[in-house]
Amino acid sequence: MQRYQQGWTLRRRVAALLGVVLALLLGLAAAEAAVAAKNRQNIDAVLLKTGPLRVQAQELMSVLLDQETAVRGYAVNGDRNDLTPYQEGVRREQELITSIRGLSAGYPDVRREVDVVERQTAQWRAQVAEPVIATTERSGPAAGQALITDRTRQQFDGIRASVTALQDEILTVRKQTADRVNSTSNALVVLLIVAALVVAVAGAVMLLSLDRILIRPLAALVGQVREVAEGDYQHRISGSGPPEFLRLADDIDQMRQKIAQELDEVRQARERIEWVNDQLQKQAEELTRSNRDLEQFAYVASHDLQEPLRKVASFCQLLQRRYAGQLDERADQYIAFAVDGAQRMQRLINDLLAFSRIGRLTTGFTEVDLNRVMGDVAGQTEAARQYADAELTWDEMPTIRGEEPLLTNLLVNLVSNSVKFRRPDVPPKVHVSARLVDGEWEISCRDNGIGIEPEFADKIFVIFQRLHSKDAYPGTGIGLAIVKKIVEYHGGRVWVDTDAEEGTTIRFTLPALEADVEAAQAAENAAAEETGAAGSAEDAPVDVARQPDGAASEEPPVAADRHETNGGMKETVG
């Protein structure tokens, strides 16, 4: 950190540069504001003071001439109407004098000339105009004209000269104000040019500074990073410039070191993986050879091994039929043992072959109607059901994608198990149903047999696992293992419903067709629209099924309808 704290940071440098530029611009802005205010003041003086003063001075001259003309006309004619311009002129003169005084508040020379004009006009009226008017009224026009002499005319000419002097002074003031307007305007232009120069110089300084303290160090850092990115992970990254760049360079270099270390670990792991792959390749080759041996064994078991077994079983049966009762009781028992062992060996070999062929010898998936499959199942289990007086029923079954022979074998095994594991003196009843749950068909095989204890629910699907002796319930112990393998081959799962109140219920799932899922969704939406969300939640009955993990799931209306007896199929034997 001591290394990073040396020198100004990039933020501090940029802030200092921007602060200097901002101070200069603010100073220029303040000066421009002051000059602009002064310029505006001078312009206002030209437009609102000196201009009106000039106009009013000219009007004052006109008013005074009207007064002099009106007095001379009255002295000639003696008509009182001729005095109207005089009286109006006196009133207007006072207004103009008052206005000129107000406008010339900042111009003492103009006020002085106004005072001179006002004093002279007052003397003229007192010494000339009023006496003429009074004499004319009293003695007639001739007496009035006698009072108008060259001296009175010279006195009025003095007034005219004073008004002219007033106008000249107003012109002088106006010219001075206009000069000040030009001066302040020029100063304002100069300040604007200086501000533009400050901005240009500041921009240039900013660009040069950024190039030196930002762009060049950053470009150098990018070049070093690119070298590392191209594969030189041992290249040390060093920074220059502000402390932030030094810190960034150190962070990137630490990341480079970490990446290099991880790459070494990955390289070592890759070598280990390659070694493992070699071992796996060898094991795969060994498995391939083993599979060929197993296939050869299967061929031998299905042909060569079964041939001597058939001979042994056939000749033992011939011995049993020909010499039954001719030998002693122990000989008959031995012959029966030999016949039973040969037959059980044949069944075991056939079941093992069937188990090994699942998923290996395939005909491809097609759309299979499980209703037709259930008809085949009923036919294949008819003999066993007649012997046990069993009843087989099933609901409307769906159509799925799968291999029809395997699905038939699956259901035959389930139905045969249900018939075999029956309770004494209770006619077996087996019911197969299906319902749609979360995009899958859940198919159940329910019976009223002896049932399965929950602790054995998982063991029954293991090959050769038996819960009863061969004397009590014959069999090879492979049937449910075949069921599990067929279900998993079709992408489903199988389990025992441990919550069944009577007998055994085995459930398994199979993927549903997309059309069935869409139809079920449409039916649910239609039902929700008809009954309303609140009514369906409070009043509609719900069929609940238990999954392998014990969680409950609701049964869709479409699947629930299949449990009604009217739509189901029934096969009764007995």
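Is Glu-488 buried, partly exposed or exposed, at 44% relative accessibility? The model is a predicted one, and the value is computed from it. Residues under 20% count as buried and those over 50% as exposed, with partly exposed in between. At 44%, Glu-488 therefore counts as partly exposed.

**Exercise 1. Describe the salt bridge of Glu-488 and its setting.**

Step 1. Identify the partner. The side chain of Glu-488 meets that of Lys-484 in a salt bridge, at 2.6 Å from N to O.

Step 2. Locate the pair. Both Lys-484 and Glu-488 belong to helix α12, which covers residues 479–489. The two are 4 residues apart, about one turn of the helix.

Step 3. Consider the accessibility of the partner. Lys-484 has a relative accessible area of 29% and is thus partly exposed.

Step 4. Recall the general principle. Side chains of opposite charge can pair when their charged atoms come close.

**Exercise 2. Determine how the buried residues of helix α2 are arranged around its axis.**

Step 1. α2 runs over residues 84–103 and has 20 residues. From its first C-alpha to its last it reaches 28 Å, close to the 28 Å expected at 1.5 Å a residue.

Step 2. List the buried residues. In α2 these are Tyr-86, Gly-89, Glu-93, Leu-96, Ile-97, Ile-100 and Leu-103.

Step 3. Find their side. They cover an arc of only 125 degrees around the axis, which puts them on the same side of α2.

Step 4. Look at the other side. There, Thr-98 and Gly-102 are exposed.

**Exercise 3. Classify the packing of α2 with α3 and of α3 with α5.**

Step 1. Take α2 and α3, the latter spanning residues 108–139. Their axes come within 11 Å and cross at roughly 165 degrees. Angles over 145 degrees count as roughly antiparallel, so α2 is roughly antiparallel to α3. The crossing of α2 and α3 is left-handed.

Step 2. Take α3 and α5. Here the axes are 9 Å apart and the packing angle is about 165 degrees. By this angle, α3 is roughly antiparallel to α5. α3 passes α5 in a left-handed crossing.

**Exercise 4. Characterise helix α11 and its packing with α9.**

Step 1. Check the span. The 17 residues of α11 (404–420) should span 24 Å at 1.5 Å a residue, and the end C-alpha atoms are 24 Å apart, which agrees.

Step 2. α11 is mostly covered, with 12 of its 17 residues buried. Among them are Leu-406, Leu-410, Asn-413 and Val-419.

Step 3. Examine the packing. Helix α9 (residues 370–380) and α11 have axes 9 Å apart and pack at about 50 degrees. That angle makes α9 oblique to α11. Their crossing is right-handed.

**Exercise 5. Examine the loop residues Asp-425, Asp-438 and Ile-460.**

Step 1. Consider Asp-425, in the loop between α11 and β4 (429–437). Although not a glycine, Asp-425 has a positive phi of about 65 degrees. With a relative accessible area of 82%, Asp-425 is exposed.

Step 2. Consider Asp-438, in the loop between β4 and β5. Asp-438 is not a glycine, yet has a positive phi of about 55 degrees. Asp-438 counts as exposed at 76% relative accessibility.

Step 3. Consider Ile-460, in the loop between β5 (440–447) and α12. Ile-460 is buried, with a relative accessible area of 7%. The C-alpha atoms of Ile-460 and Ala-481 are separated by 7.7 Å, and these residues are 21 residues apart along the chain.

Terms used. Residues are numbered from 1 along each chain as its sequence is written. This is a predicted model: local features need pLDDT of at least 70, side-chain atom pairs count only at pLDDT 80 or more; totals for chains, interfaces and linings use all residues. Side-chain values use heavy atoms; hydrogens and water are left out. The expected span of a helix is 1.5 Å times one less than its number of residues. Buried means under 20% relative accessible area, exposed over 50%, partly exposed in between (1.4 Å probe, protein chains only). The arc is that of the directions from the helix axis to the C-beta atoms. A salt bridge is a side-chain nitrogen of Lys or Arg within 4 Å of a carboxyl oxygen of Asp or Glu. Axes are lines fitted to C-alpha atoms, for helices over the stretch in contact, and angles run from 0 to 180 degrees between N-to-C directions. Angles under 35 degrees count as roughly parallel, over 145 as roughly antiparallel, 65 to 115 as roughly perpendicular and the rest as oblique. A crossing is left-handed if the near helix is turned anticlockwise from the far one by less than a right angle, and right-handed if clockwise.
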